[in-house]
Amino acid sequence: MLERNRRGLTSALWIALVLYPLFGVLDLLTAPPRWIWLLWGTRGLVTLVTLLMFRVVKTPFFDRHANALTAFYMMLASACISLMTVFMGGLASPYYAGLTLTIVATGLLYVWPLRVVAVTHATIIASWVLPNLVLGTHGHAVTALSNQFFLVSTAIIVGAGQHLVYRAQREQITGQLVIERTKKNLEHAHTQLQELDRVKSEFFANITHELKTPLTMMLAPIELLIDGELGSISEPQRSTLASIERSGIKLRRLIGDLLDLSRLEESKLRLRVHRYDLVEYLRGLVTQAEPLTQRKSLALEFSSNVESSGVYCDLERVERVMVNLLSNATKFTPAQGKIAVRLHDDGEHARIEVEDTGIGFPPGMAARIFQRFFQVDSGSTRRYGGTGIGLALAKELVELHGGRIWAEGAVGQGAKLSVVLPKDREHFALDALDRRGPRVDLLAGSRASDHGVAEWHNDEHERFRLLEIDQATEQRIVERDADEEQRAHSVLVVEDTPDVIRVIRLALHHDFRILAAPDGRKGLELARKHLPTLIVTDLMMPELDGLALTRALRADAATEHIPIVMLTARGDLRDRVEGIETGVNAYLSKPFSSKELIAVVRSQLKQKEATADVLLGQKLDSLQTVAGGLAHEIKNPLNYVQGALAALENDVNRLLDPAATREPPFDPPRVAERTRKMFATARSGVQRIGATVDLMMRYSREGYTRTTQPYDVFAAVRDVLAVLLPSARHELVRDIDLDGEGLVDCVPEELNQVLTNLIENALQALPTDGTGRLTIRGRVGEDELVLTVKDNGPGIEPVHAAQLFTPFFTTKGKHGGSGLGLAIARRVVTALGGSIHVQSQPGAGAAFVVRLPRSTGALYLATEPAALPTEMSS
């Protein structure tokens, strides 16, 4: 604003310097001669001030008071014009137009805040109106009024315009300042990011170097152990060491890839370029990889349009690219598929193509698959593992060779990845070349030089040259032990990484039979088929992840009880909470200790056995009650049979002994009559025993159907009473009122368990002085059945009422019960869509009220009898 007003004032000074004296000519033509000296005097004063302001406008004083000085100058110029009007017709003077020009000039030349605009314009108008009013120089009234109206309107319009311009320019400048600050912040952030990226790359390079050395120092002794250099070892030990060595080599390969990426970022990766025959190299690579692909029933073939193709390249880096492309092709191609490796030489370039008949990828992802850490399927259920750096590294290595790489494919139609390499040497940048010899002669199989422990041995390179392809085609999961069928417990391991399965097997196979599944779907199938003692599952797996597998297992009655141990490398709190809510019993974070795994598995088995003991004790308690009732119910009729048999035995003995028939005298008719009575007594006893056995058979047979069906609750109550009442130790009054047809859809055994628990609890709560009263009420509503089991025992304390349905809570003392009866009852009733609650006051007994939905068949019979066929109605 300061600079704008400085330029505005300078322009105003030049305009005034020209126009103010020039208007003196107008004075000669229009003003009375006696006032010419006064008019020219004012013009001279303004001209003199104008010349002075040329100096002021460049001083710091103006910088500090720009608004005041510009407003002062414009008010001075207008005051001089107002003075002229006093002598040129007053308020009706045509010289008022000079004031209008001054006001318009302020609007065009200056940017002022609203307060400066208001003060300046008001002062200009006041300098014209007030002197003329005081001196009485009004002039023609209408003309004077018109002049005032137009001058005030001009001031208002110009003032509003100035205010809008001020606001617009203020907002514009504010926006520019925000943009500049944002730009500076972004530049600062960019600088910080560059510094952080540099530090990260340096740290990354240093840490990978630090990791490679101890890895090599670990792998070297393992190799000696495997070769028997440090003493003889058993085959299982050799197999375990080989798995460790393979995992170590895989880790070192990954570290090497990350180190190469870090070097590429810093443009520090160097190529050891020599001329190689790619036809010979690729043919040998395919020949070596073919036995591995055959394990997965994949056909691998090589073709070339030339016999030889000499290309200048770093062959070890090119091999890294080719192994990545081949391992991807074998990984994503299902069994019976085909992989083709082709080389086309056009004289200046060699084009290598790796084409497969695998699952392919969406065409829109052709460029993205070469981005670092990108994977087409990156969810928790991804089917194929990987780090997402293989193709990214391949792309940067190819581009470092001056070539290019691209992909083509479609979902379900396979993929083709093409690499084009220039054949000459001249295209390499000098700063990309390493002047040392090749690391490994991949064609001849011998090294040119050795640069320390961090470099691979030639023999190690040959053995693990195709490690990624070997892992992609590995079909074996775990080995079988000859005596595994003799082990009492089995563990199902669901994991998509074979090496992890082998580690778990190594830790557990001495005590458990090990089953293995490569994904969640196969794991669910094996769990349902074999019902293992425990399941160890990974979180992220193809087909079905660990959480989805847990949900499926918990939803199946056959597998819901199996303990589940979850393995995860993520360790997110959200995943753990979701897993626990889903039904996971324990978590282990990768990498895990074998001792920790064994301890967790044993702990879960102990908890399972403890729960089983509690359930078994509860079952035995129920069996004891039922057995007591059965013994009482069978004993009386059995006495009838035994008495009748004793009398019959006595009569038969007397009949067979001649001496016994004489003393006392033997009366055949009387003996025959007594024999018939004894047979009738025995038959009655046997019938009562048979009725009791039928009752128990019906009770148990209905209980083990395990299918939902219409079941008469009221009939079941009568059966349970018939079984339990004989075991009652004290006299009691039975008040049973079951009204209507009590059909519900349920599993009979589960409902029998509910009724047995409720009635048995009521019987145990009754007084022992003979005043006990058992009340059972049943009624049928429109859509529900209500059953109430009530006793007149001591009742339930309010503090215990809320805990009654909690598992293992009991008020019967240490040996009085397991605390599971009411918990089971609530679970069964809730699963049927019903409810159960207790009504009790201390000293007034307890009433358990069960509400169950009526059977759909019963509702149909009750609501639509007219729609039934005649045969069914009859």
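In this predicted model, H11 passes H12 in a left-handed crossing. The chain holds 27 helices and 21 strands. Of its 874 residues, 43% are buried. Among contacts with a separation of 6 or more, 72% join residues 24 or more positions apart.

**H11 and H12**

- The axes of H11 and H12 come within 9 Å and cross at roughly 145°.
- On the H11 side, the contact is formed by Arg-317, Arg-320, Val-321, Asn-324, Leu-325 and Asn-328. They meet Gly-390, Leu-391, Leu-393, Ala-394, Leu-397 and Val-398 in H12.
- Sorted by class, the contact of H11 with H12 has seven nonpolar, three polar and two charged residues.

**H10 and H11**

- H10 packs on H11 at an angle of about 35°, and their axes are 12 Å apart.
- The crossing of H10 with H11 is right-handed.
- Leu-278, Tyr-281, Leu-282, Leu-285 and Thr-293 represent H10 in this contact, and they meet Leu-315, Glu-319, Met-322, Leu-326 and Thr-330 of H11.
- The contact of H10 with H11 divides into seven nonpolar, two polar and one charged residues.

**Nonpolar cores**

- The largest nonpolar core has 46 residues. Leu-278, Met-322, Leu-325, Leu-326 and Val-354 have the most contacts inside it.
- Helices and strands both supply this core: at least two residues each come from helices H10 (278–294), H11 (315–332) and H12 (390–400), and from strands E3 (310–313), E4 (338–345), E5 (349–356), E6 (404–409) and E7 (415–422).
- Apart from neighbours within four places in sequence, Leu-325 is in contact with Val-354, Leu-391, Ile-405, Leu-417 and Val-419.
- A second, separate core has 45 residues, including Met-84, Leu-91, Leu-99 and Val-129.

**H16 and H17**

- Helix H16 spans residues 520–530 and helix H17 spans residues 546–555; their axes come within 10 Å and cross at roughly 25°. H16 and H17 are therefore roughly parallel to each other.
- H16 passes H17 in a right-handed crossing.
- From H16, the contact draws on Gly-520, Gly-523, Leu-524, Ala-527 and Arg-528, while H17 contributes Leu-549, Ala-552 and Leu-553.
- Five residues of the contact of H16 with H17 are nonpolar, two are polar and one is charged.

- Seven of the 10 residues of H17 are buried, so H17 is largely enclosed by the rest of the structure.
- The buried residues of H17 are Gly-546, Leu-547, Leu-549, Thr-550, Ala-552, Leu-553 and Arg-554.
- Their cover includes H16 and helix H18 (573–582), along with strands E10 (490–494), E12 (534–538), E13 (564–568) and E14 (586–589).

**Arg-342**

- Arg-342 lies in strand E4, and its relative accessibility of 26% is why Arg-342 counts as partly exposed.
- Setting aside neighbours within four places in sequence, Arg-342 is in contact with Ser-303, Arg-351, Ile-352, Glu-353, Glu-355 and Lys-416.
- Between Arg-342 and Leu-282 there are 9.0 Å in space, C-alpha to C-alpha, although the two are 60 residues apart in sequence.

Conventions:
Residues numbered from 1 in each chain as written. Predicted model: local features only at pLDDT ≥ 70, side-chain atom pairs only at ≥ 80, totals over all residues. Heavy atoms only, no water. Core = buried A, V, L, I, M, F, W, Y, C linked by side-chain atoms within 4.5 Å. Buried < 20%, exposed > 50% of the residue type's maximum accessible area, 1.4 Å probe, protein only. Helix = DSSP H or I, 4+ residues; strand = E, 2+ residues; numbered from the N terminus. Contact = heavy atoms within 4.5 Å. Axes fitted to C-alpha atoms, helices over the stretch in contact; angles between N-to-C directions. Left-handed = near helix turned anticlockwise from the far one by under 90°. Nonpolar A, V, L, I, M, F, W, Y, C, P; charged D, E, K, R; others polar. Parallel < 35°, antiparallel > 145°, perpendicular 65-115°, else oblique.
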